[in-house]
Number of protein chains: 2
Amino acid sequence: MLDQKAHKPHERLAAHLSEDLAAVDDMIRTRMVSEHAPRIPEVTAHLVEAGGKRLRPMLTLATARLCGYEGEKHVILATAIEFIHTATLLHDDVVDESAQRRGRPTANLLWDNKSSVLVGDYLLARAFQLMTDTESLRILAVLSNASATITEGEVLQLTAAQDLGTTEEIYFKVVRGKTAALFSAATEAAGILAGVSEDQIKALYDYGDALGIAFQVVDDLLDFWGGEETGKNIGDDFRDRKLTLPLIKAISASDDDEMAFWKRTLEKNQQTEGDLDTALEIMNRHGALEETRQAALGWANTAKDALAILPEDPIRDMLSDIADYVVERIN
Amino acid sequence: MLDQKAHKPHERLAAHLSEDLAAVDDMIRTRMVSEHAPRIPEVTAHLVEAGGKRLRPMLTLATARLCGYEGEKHVILATAIEFIHTATLLHDDVVDESAQRRGRPTANLLWDNKSSVLVGDYLLARAFQLMTDTESLRILAVLSNASATITEGEVLQLTAAQDLGTTEEIYFKVVRGKTAALFSAATEAAGILAGVSEDQIKALYDYGDALGIAFQVVDDLLDFWGGEETGKNIGDDFRDRKLTLPLIKAISASDDDEMAFWKRTLEKNQQTEGDLDTALEIMNRHGALEETRQAALGWANTAKDALAILPEDPIRDMLSDIADYVVERIN
């Protein structure tokens, strides 16, 4: 089991960065404590302990080290990134009324909506305190810009939902907001901290941006394509009428009859049994799933290409492998 | 009507600062625009246009000018303060499910809970972008600390609700969070921007802190004491089982019979007709309302005293008058 795990590139990277990651875990525990409101860690603990893959903070730690950074502030930065991510999850729980998050009951079921909003706000405030501790105005600018982009992406997704006129351009704006903005901020800020050249900072941004987009496009594809092993319910986005890339590609290629189907199922929300199968048929007829797959592979390649001007290092290879791993399930 | 208005000190201060306030209004409009999510201003516009008194940004503008600041960054700072305040209102709307805010339908009825959460997040992100534009790490630290204190206060209020063991100490922590933290950050940050002495920065903090506390204690007192002219429903906090200062003082002085009444009405939420009258009787019997009034007057005096070491200036007199005005309705 352990050996099998160690084959996954993010697990190898985690092993390589184990000391730094332990320092991030410590800082997460220390900084989420509230002297005045001791119940706050009750809400955050289950999210933080469930842990996820700590992918975003790991990107910060890895790219800082790759760029030769030898100080301690990358731990502060990585903790801030994880707090922003956790705050987003808490606020998403309110927004989506999702019943499960990382396989555990969501905070709003454990406690309630009020707590999710307030504790999310608390973690955001803590993230900005941490960022201030990096003493870099440029890093603060990068991360406050990312925070704005994240919320703009979420609002755009809300307003674009069920709108058959949603374009690929809008889709990628949403994806940059909801996923890629924090990835690219995590890597760009690490480069700023390490003081590398502007070209390399740009390359770090491009890597995070492309990796985040690949990550989200794969997720959206697997919603129509995944088997049981992906742990996803096929067709959730169709039922929720989320206009993701496979649907957008299919709709843009649809004839009148097919458009009538999309209007009924997505605009008017009159879905009946068998509609998901029909949706898949139309998508396959127009090659929408295959095109989406190619798009994801393209973004993974963009991510890998961006690494070229960064120093040769085992970490660089692992970052490249992570880009491959993100698209492995569709390759 | 205009003359009558001009007698109110915050109106006189607004007239004195009219150019700066117009610049803040411009900046609010410019910075709340979202290129990617054009619907965001729909949600914020009704809050920003309804306008309130712009008390918090005005405190920043006034104290910066009082301290001899001649640049333009106080406008950035005041806009950031108003965005944080507006974000708090939006998130409060989700939390409290309040039906009215500033006399208009709340955002969550106009649009929905999702929008309130996300647009609040957007304004917070914009506030941090603005704060970064002040290029002062110390100001960023003050405001991110204030943001954390605000959310801690709200969470503490949530956990203290209906708890008869709530002490005055807890009450003042809640009040510092929900009200005073942003007042004191607004004035302290202005002093930092103006580059005055540490003693004066401390005095500015003390003024904002005491003014904010006086403001909230008066609000909590008027909930039991206000006539029709205050625009408040008498007894809302009692019905909502919010342990505010008048209740805390009455409970701490109560005998066994009275405690049984509080347990039934506040802990068990078994309220019937006439209970509010009984609550008022008990509060008056123990002088709880009068003691609360004295506390508010004391905080107003503390605010005025703090101004002593700041430069003599018409603005200083108006700030002192504002402290009097806050307690005028109970004096």
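How many residues does the contact take from chain A and how many from chain B? The contact takes 40 residues from chain A and 40 residues from chain B. The structure is a predicted model.

**The interface**

About 3700 Å² is buried between chain A and chain B, and carbon and sulfur atoms give 75% of that area. In chain A, the residues that lose the most area to chain B are His36(A), Leu118(A) and Glu152(A), together 17% of what that side buries. Three helices of chain A, α6 (73–96), α8 (113–133) and α9 (137–160), each supply at least two residues of the side that touches chain B. Of the elements on that side, α9(A) gives the most, with 14 residues. By residue class, the side of chain A that touches chain B divides into 19 nonpolar, 12 polar and 9 charged residues.

Across the interface of chain A and chain B there are 0 salt bridges, while 4 residue pairs are in polar contact.

**How the copies are related**

Chain A is superposed on chain B by a rotation of 180 degrees with 0.0 Å of shift along its axis, at an RMSD of 0.0 Å. The two copies are therefore related as by a two-fold rotation axis. Because 100% of the interface residues of chain A are also interface residues in chain B, the copies meet through the same surface.

**Salt bridges**

Side chains of opposite charge can pair when their charged atoms come close. Over all chains, the whole structure holds 36 salt bridges. Three of them are listed here.

| Residue | Partner | N to O distance |
|---|---|---|
| Arg293(A) | Glu290(A) | 3.1 Å |
| Arg12(B) | Asp321(B) | 3.2 Å |
| Asp209(B) | Arg176(B) | 2.8 Å |

Arg293(A) and Glu290(A) are 3 residues apart in helix α16 (residues 288–306) of chain A, so about one helical turn separates them. Arg293(A) counts as buried, at 15% relative accessibility, whereas Glu290(A) is partly exposed at 37%.

Arg12(B) and Asp321(B) form a salt bridge in chain B. Arg12(B) lies in helix α2 (residues 9–16) and Asp321(B) in helix α17 (residues 314–326), so the pair ties together parts that are 309 residues apart in sequence. Arg12(B) is partly exposed at 32% relative accessibility, and Asp321(B) is partly exposed at 26%.

The salt bridge of Asp209(B) with Arg176(B) also links distant parts of the chain, with Asp209(B) in helix α11 (residues 198–225) and Arg176(B) in helix α10 (residues 168–194), 33 residues apart. Asp209(B) is buried, at 5% relative accessibility, and Arg176(B) is partly exposed at 32%.

In chain A, salt bridges that share partners join Asp25(A), Arg54(A) and Glu82(A) into one network.

Key:
Residues numbered from 1 in each chain as written. Chains lettered and ligands numbered in written order. Predicted model: local features only at pLDDT ≥ 70, side-chain atom pairs only at ≥ 80, totals over all residues. Heavy atoms only, no water. Contact = heavy atoms within 4.5 Å. Buried area = accessible area lost by both parts, 1.4 Å probe. Salt bridge = Lys/Arg side-chain N within 4 Å of Asp/Glu carboxyl O. Polar contact = N/O pair within 3.5 Å; in protein donor to acceptor, adjacent residues only side chain to side chain. Helix = DSSP H or I, 4+ residues; strand = E, 2+ residues; numbered from the N terminus. Nonpolar A, V, L, I, M, F, W, Y, C, P; charged D, E, K, R; others polar. Least-squares fit on C-alpha atoms with pLDDT ≥ 70 in both. Buried < 20%, exposed > 50% of the residue type's maximum accessible area, 1.4 Å probe, protein only.
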